[in-house]
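Please look over the model below before reading on. My notes follow as numbered points.

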Amino acid sequence: AVLALLPVFYKNDSTISLVLYVLLYICLASSWNILGGYTGQTNLGAAAFFGVGSLVTRLLWIAGIPFWLSFLAGGLAAVILAMLIGVPAFKLRGVYFAIGTLALALMLNITAGNTFPDMSYNPDLANYTLSSRYYLFLGLAVAIVGAAFFLVRSKVGLGMMAVREGEDAAESLGINALKHKLIAFAASAFFAGLAGAAFAYYHVSYYLYMPFGLEWSFDPMMMAYIGGQGTIIGPIIGALFFVGLKQLLVWNVGGFHLIIFGTLFIIIVLFLPGGLVELWQKIRDLYVKRSGKKKNIS
């Protein structure tokens, strides 16, 4: 409710744009988490689906197709791509799956850069408003988090988490691992594609190959790990922490912020695999334990 009222009572475009980017990263981190966090498949190719959604939406919109149809087409295009590569990709396991998806993102990045080298301009610049973009990202973030919430509490979600805990064991219990991984892959790709479509709507002008950059693959994964993968709140916390710390570091240390983020990511993976959510749980458990000891003493 507070976020919905922000553009009404606060007219600073810079702040609204910053919050908009937080919402974009929540969308991407939450969509990555469906496959990576709940199914245990480390996807390093998120930029492929984000970029395809952005590219399809922008090209259709420029061609005169109504935006909402172009928006949905961007998400569907990402799902089609995921289904085309899903079966052969899931024949790879562990690090090999991660390398395979990274190769896909690299291929599309190079192809898009060679095919669309020119700048793309907003086809409806006269009617551009920042608030409409903001509310699109807010609605999309709520929809993705809500979808993840209901998905992981469904029978399909339980199957996905069973695959994460042990694919062979899940298969022995009658769970079709490939089916559940494909469902997670399709959902993750669809939401990443919609985030790309919203990205295409937000920017007045940008290079069409820009959404295929590898930062759109690594940043969502990093945010999910920092916040706590496999949880609903983790990607949200990770996105807030990531954007806030990034802005602070860019202002103070410039390009060195990449080194700091890389070091932070390694530390969290090694010593706090559950992310900030795990850290909070440990602090809470320690507090409860100490409170219990004080009551026993008294």
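1. The protein chain exposes about 14800 Å². Carbon and sulfur atoms supply 70% of that area. Accessible areas come from the Shrake-Rupley method with a 1.4 Å probe, and for residues only the protein chains shown count as cover.

2. A word on provenance. This is a predicted model: local features need pLDDT of at least 70, side-chain atom pairs count only at pLDDT 80 or more, and totals for chains, interfaces and linings use all residues. Residues are numbered from 1 along each chain as its sequence is written, and side-chain values use heavy atoms, with hydrogens and water left out.

3. The protein chain has 13 helices and two strands. These are DSSP runs numbered from the N terminus (helices: H or I, at least four residues; strands: E, at least two).

4. How compact is the protein chain for 298 residues? Its radius of gyration is 20 Å, close to the 19 Å of the globule rule, so the chain is as compact as a globular protein of that length. The radius is taken over C-alpha atoms, and the rule is 2.2 Å times the number of residues to the power 0.38. Along the principal axes, the C-alpha atoms fill a box of roughly 70 × 50 × 35 Å.

5. Of the 298 residues, 47% are buried. Buried means under 20% relative accessible area, exposed over 50%, partly exposed in between (1.4 Å probe, protein chains only).

6. Take contacts (heavy atoms within 4.5 Å). Among those between residues at least 6 apart in sequence, 80% join residues at least 24 apart.

7. The structure holds 25 aromatic pairs. Rings of Phe, Tyr and Trp (its six-membered ring) pair if their centres lie within 6.5 Å; planes under 30 degrees apart are stacked, over 60 edge-to-face, the rest tilted. One of the pairs is Trp 61 with Tyr 201, tilted, at 5.4 Å centre to centre and 50 degrees between the planes. This pair links distant parts of the chain: Trp 61 lies in helix α3 (residues 46-62) and Tyr 201 in helix α9 (residues 177-202), 140 residues apart. Trp 61 is buried at 10% relative accessible area. Tyr 201 is buried too, at 15%.

8. The charged end of Arg 133 sits over the Tyr 201 ring, 3.7 Å from its centre. The criterion: NZ of Lys or CZ of Arg within 6 Å of the ring centre and within 35 degrees of the ring normal.

9. Ring pairs also build a cluster, whose members include Tyr 21, Phe 50, Phe 137, Tyr 206 and Trp 216.
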